Amino acid sequence: MSLQVEIMTAMKVAMKEKNQTALAALRAVKSEILLAQTATGSKEDISEDEEIKILSKMVKQRKDSAAIFLEQDRKDLAEPEIAQAEIISQFLPAQLSEAEITEAVMSAIAATGAAGMKDMGRVMGIVSGKLAGKADGKTISNIVKAKLS
């Protein structure tokens, strides 16, 4: 089942349950996907990789907003952002564990022959491409830094 069909099904359920938070998150996802489709100028669906990038970006935006709201002691604004991030995350592939990410980083270091921090960009490019949507970029970056320093 395509992501758009899953989103529409989830929207119908959210409408029936009168879950406004879920409905807002799902409408935002649908809107972003439609914007991505019209940006390419085609009526065809966007690729699964593009869908994952869009969803990852939306989750990150909501988590960042929630962190800022919590910093400013605005729990009332942070809670809906966190809830929406959780709802959107349901449509992403399962996230990898730190051990699995470390394994991918080590294989990329071995493949590139990276010796220090100057090679971080090459390693990050390989690992980020391989684990797109399955791991957070910040986590990957921290592991690469630890292994190269």
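Okay, let's start with aspartate 119, which forms a salt bridge with arginine 122, the closest N and O atoms being 3.1 Å apart. By salt bridge I mean a side-chain nitrogen of Lys or Arg within 4 Å of a carboxyl oxygen of Asp or Glu.

Quick note before going on: this is a predicted model, where local features need pLDDT of at least 70 and side-chain atom pairs count only at pLDDT 80 or more, while totals for chains, interfaces and linings use all residues. Residues are numbered from 1 along each chain as its sequence is written, and side-chain values use heavy atoms, with hydrogens and water left out.

Back to aspartate 119. Its side chain also meets that of lysine 118 in a salt bridge, at 3.6 Å, N to O. So what links Lys118, Asp119 and Arg122? A network of salt bridges.

Now, which of these are buried and which are exposed? Buried is under 20% relative accessible area, exposed is over 50%, and partly exposed is in between, with a 1.4 Å probe and protein chains only. Aspartate 119 is buried, at 10%. Lysine 118 is exposed, at 70%, and arginine 122 is partly exposed, at 46%.

Next, over to helix α3, residues 48-71, which holds both aspartate 64 and lysine 60. Helices here are DSSP runs (H or I, at least four residues), numbered from the N terminus. Those two residues sit 4 residues apart, about one turn of the helix, and their side chains meet in a salt bridge of 3.0 Å, N to O. Aspartate 64 is partly exposed at 37%, and lysine 60 is partly exposed too, at 48%.

And how many salt bridges turn up in the whole structure? The search finds 5.
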